[in-house]
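Hi,

Here is the structure I promised to pass on. Please have a look at it first; my notes follow below.

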Amino acid sequence: MRIGELSRRTGVNAHQLRYYEAQGLLEADRGANGYREYDENAVLRVKQIRHLLGAGLSSEDIAYLLPCAAGEAPELPGCPELLAAMRSRLQRLDDQMNRLAQSRDALADYIDAAERMGNESYPPHDEADPEPVPA
(Lines give C-alpha, C1' and ligand atoms only; values in the text may rest on other atoms or scores of the structure.)
Protein backbone atom coordinates (compact mmCIF):
# COMPACT_ATOMS: atom_id res chain seq x y z
CA MET A 1 0.00 0.00 0.00
CA ARG A 2 1.15 3.56 -0.60
CA ILE A 3 1.69 6.17 2.08
CA GLY A 4 -1.71 7.80 1.51
CA GLU A 5 -3.55 4.55 2.20
CA LEU A 6 -1.41 3.84 5.28
CA SER A 7 -2.20 7.34 6.49
CA ARG A 8 -5.95 6.79 5.99
CA ARG A 9 -5.91 3.40 7.70
CA THR A 10 -3.94 4.57 10.74
CA GLY A 11 -5.06 8.19 11.08
CA VAL A 12 -1.42 9.30 11.03
CA ASN A 13 -0.48 11.93 8.48
CA ALA A 14 2.05 11.16 5.76
CA HIS A 15 4.59 13.61 7.17
CA GLN A 16 4.67 11.66 10.46
CA LEU A 17 4.92 8.36 8.61
CA ARG A 18 7.97 9.64 6.72
CA TYR A 19 9.44 10.77 10.05
CA TYR A 20 8.91 7.28 11.51
CA GLU A 21 10.69 5.85 8.50
CA ALA A 22 13.59 8.29 8.88
CA GLN A 23 13.88 7.27 12.55
CA GLY A 24 14.08 3.59 11.58
CA LEU A 25 10.70 2.79 13.14
CA LEU A 26 8.90 1.95 9.91
CA GLU A 27 10.14 0.29 6.74
CA ALA A 28 8.99 0.84 3.18
CA ASP A 29 10.07 -0.61 -0.09
CA ARG A 30 10.31 1.57 -3.18
CA GLY A 31 8.30 0.67 -6.23
CA ALA A 32 9.66 1.04 -9.77
CA ASN A 33 7.99 4.45 -9.80
CA GLY A 34 9.90 5.52 -6.66
CA TYR A 35 6.80 5.57 -4.44
CA ARG A 36 6.94 4.13 -0.95
CA GLU A 37 5.23 0.75 -0.71
CA TYR A 38 4.23 -0.60 2.71
CA ASP A 39 3.19 -4.14 3.51
CA GLU A 40 0.14 -5.03 5.59
CA ASN A 41 2.26 -5.22 8.78
CA ALA A 42 2.88 -1.47 8.58
CA VAL A 43 -0.63 -0.76 9.92
CA LEU A 44 0.10 -2.72 13.09
CA ARG A 45 3.57 -1.20 13.36
CA VAL A 46 2.20 2.37 13.18
CA LYS A 47 -0.39 1.57 15.85
CA GLN A 48 2.36 0.18 18.09
CA ILE A 49 4.46 3.31 17.53
CA ARG A 50 1.52 5.56 18.41
CA HIS A 51 0.83 3.63 21.64
CA LEU A 52 4.48 3.78 22.68
CA LEU A 53 4.71 7.50 21.87
CA GLY A 54 1.60 7.96 24.00
CA ALA A 55 3.48 6.35 26.88
CA GLY A 56 6.07 9.12 26.62
CA LEU A 57 8.78 7.06 24.96
CA SER A 58 11.16 8.75 22.55
CA SER A 59 11.65 7.51 19.00
CA GLU A 60 15.05 6.20 20.13
CA ASP A 61 13.41 4.22 22.95
CA ILE A 62 10.77 2.92 20.56
CA ALA A 63 13.36 1.81 18.00
CA TYR A 64 14.94 -0.28 20.75
CA LEU A 65 11.62 -1.75 21.97
CA LEU A 66 9.77 -2.35 18.69
CA PRO A 67 11.53 -5.54 17.59
CA CYS A 68 10.13 -7.20 20.73
CA ALA A 69 6.62 -5.73 20.50
CA ALA A 70 3.63 -7.99 19.89
CA GLY A 71 0.06 -6.91 19.29
CA GLU A 72 -1.46 -3.48 18.88
CA ALA A 73 -1.23 -2.37 22.51
CA PRO A 74 1.73 -3.52 22.25
CA GLU A 75 2.78 -6.21 24.68
CA LEU A 76 6.47 -6.25 25.58
CA PRO A 77 8.36 -9.18 27.11
CA GLY A 78 9.80 -8.65 30.58
CA CYS A 79 13.41 -9.23 29.57
CA PRO A 80 16.02 -7.31 31.61
CA GLU A 81 17.18 -5.08 28.73
CA LEU A 82 13.68 -3.86 27.89
CA LEU A 83 12.77 -3.35 31.53
CA ALA A 84 15.96 -1.34 32.06
CA ALA A 85 15.15 0.88 29.06
CA MET A 86 11.58 1.47 30.23
CA ARG A 87 12.67 2.11 33.83
CA SER A 88 15.23 4.62 32.57
CA ARG A 89 12.54 6.48 30.62
CA LEU A 90 10.21 6.37 33.63
CA GLN A 91 12.94 7.90 35.80
CA ARG A 92 13.46 10.70 33.25
CA LEU A 93 9.72 11.39 33.28
CA ASP A 94 9.67 11.42 37.10
CA ASP A 95 12.60 13.86 37.13
CA GLN A 96 10.86 16.10 34.62
CA MET A 97 7.63 16.00 36.64
CA ASN A 98 9.53 16.96 39.80
CA ARG A 99 11.14 19.93 38.03
CA LEU A 100 7.73 21.01 36.71
CA ALA A 101 6.20 20.69 40.20
CA GLN A 102 8.98 22.88 41.64
CA SER A 103 8.43 25.47 38.91
CA ARG A 104 4.68 25.38 39.51
CA ASP A 105 5.15 25.88 43.27
CA ALA A 106 7.53 28.80 42.72
CA LEU A 107 5.12 30.45 40.28
CA ALA A 108 2.20 29.95 42.70
CA ASP A 109 4.29 31.59 45.44
CA TYR A 110 4.97 34.61 43.19
CA ILE A 111 1.26 34.90 42.41
CA ASP A 112 0.32 34.72 46.10
CA ALA A 113 2.91 37.36 47.00
CA ALA A 114 1.74 39.65 44.21
CA GLU A 115 -1.89 39.29 45.28
CA ARG A 116 -0.97 40.17 48.88
CA MET A 117 0.75 43.36 47.69
CA GLY A 118 -2.53 44.69 46.33
CA ASN A 119 -3.82 45.95 43.04
CA GLU A 120 -1.23 48.37 41.71
CA SER A 121 -1.04 49.40 38.10
CA TYR A 122 1.76 48.17 35.91
CA PRO A 123 4.05 49.50 34.75
CA PRO A 124 4.60 51.69 37.84
CA HIS A 125 4.05 55.42 37.37
CA ASP A 126 4.73 58.63 39.27
CA GLU A 127 1.57 60.07 40.86
CA ALA A 128 2.46 63.60 39.61
CA ASP A 129 3.23 62.38 36.07
CA PRO A 130 0.69 59.95 34.57
CA GLU A 131 3.29 58.65 32.06
CA PRO A 132 4.70 55.23 33.02
CA VAL A 133 8.17 55.18 34.56
CA PRO A 134 10.62 53.05 32.55
CA ALA A 135 11.54 49.85 34.38
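**What is in the model**

The protein has five helices and two strands. Bear in mind that this is a predicted model. Read from the N terminus, the order of elements is α-α-β-β-α-α-α. The chain counts 135 residues, and 21% of them are buried. I also looked at contacts between residues at least 6 apart in sequence. Of these, 42% join residues at least 24 apart.

**How helix α1 packs**

Two packed helices are described by the angle between their axes and the distance between the axes. Helix α1 has two such partners to look at here, α2 and α3.

Start with α2. Helix α1 covers residues 3-10, and helix α2 covers residues 14-22. Their axes come within 9 Å and cross at roughly 105°. An angle of 65 to 115 degrees counts as roughly perpendicular, so α1 and α2 are roughly perpendicular to each other. On the α1 side, the contact is made by Ile3, Leu6 and Ser7. On the α2 side, Ala14, Leu17 and Arg18 take part. By class, this contact of α1 with α2 has four nonpolar residues, one polar and one charged.

Now α3, which spans residues 41-54. Its axis and that of α1 come within 10 Å, with a crossing angle of roughly 50°. The two helices, α1 and α3, are therefore oblique to each other. The crossing of α1 past α3 is right-handed. Leu6, Arg9 and Thr10 of α1 make the contact, together with Ala42, Val43 and Val46 of α3. The residues of the contact of α1 with α3 again divide by class: four nonpolar, one polar and one charged.

**Salt bridges**

Side chains of opposite charge can pair when their charged atoms come close. How many salt bridges are there in this model? The count comes to six.

Glu5 and Arg9 are about one helical turn apart, because they sit four residues apart in helix α1. Glu5 is partly exposed, at a relative accessible area of 32%. Arg9 is partly exposed too, at 37%.

Next is Asp61. Its side chain meets that of Arg89 in a salt bridge, at 4.0 Å from N to O. This pair links distant parts of the chain. Arg89 lies in helix α5 (residues 80-117), Asp61 lies in helix α4 (residues 59-65), and they are 28 residues apart. Is Arg89 buried or exposed? Arg89 is buried, with a relative accessible area of 17%. Asp61 counts as buried as well, at 12% relative accessibility.

Asp61 also meets the side chain of Arg92 in a salt bridge, at 3.1 Å from N to O. Here, too, distant parts of the chain are linked: Arg92 in helix α5 and Asp61 in helix α4 are 31 residues apart. Arg92 is partly exposed, with a relative accessible area of 35%.

One network is also present. Salt bridges that share partners join Glu5, Arg9 and Glu40.

Best wishes

Technical notes
Residues are numbered from 1 along each chain as its sequence is written. This is a predicted model: local features need pLDDT of at least 70, side-chain atom pairs count only at pLDDT 80 or more; totals for chains, interfaces and linings use all residues. Side-chain values use heavy atoms; hydrogens and water are left out. Axes are lines fitted to C-alpha atoms, for helices over the stretch in contact, and angles run from 0 to 180 degrees between N-to-C directions. Angles under 35 degrees count as roughly parallel, over 145 as roughly antiparallel, 65 to 115 as roughly perpendicular and the rest as oblique. Contact means heavy atoms within 4.5 Å. Ala, Val, Leu, Ile, Met, Phe, Trp, Tyr, Cys and Pro count as nonpolar, Asp, Glu, Lys and Arg as charged, and the others, Gly among them, as polar. A crossing is left-handed if the near helix is turned anticlockwise from the far one by less than a right angle, and right-handed if clockwise. Buried means under 20% relative accessible area, exposed over 50%, partly exposed in between (1.4 Å probe, protein chains only).
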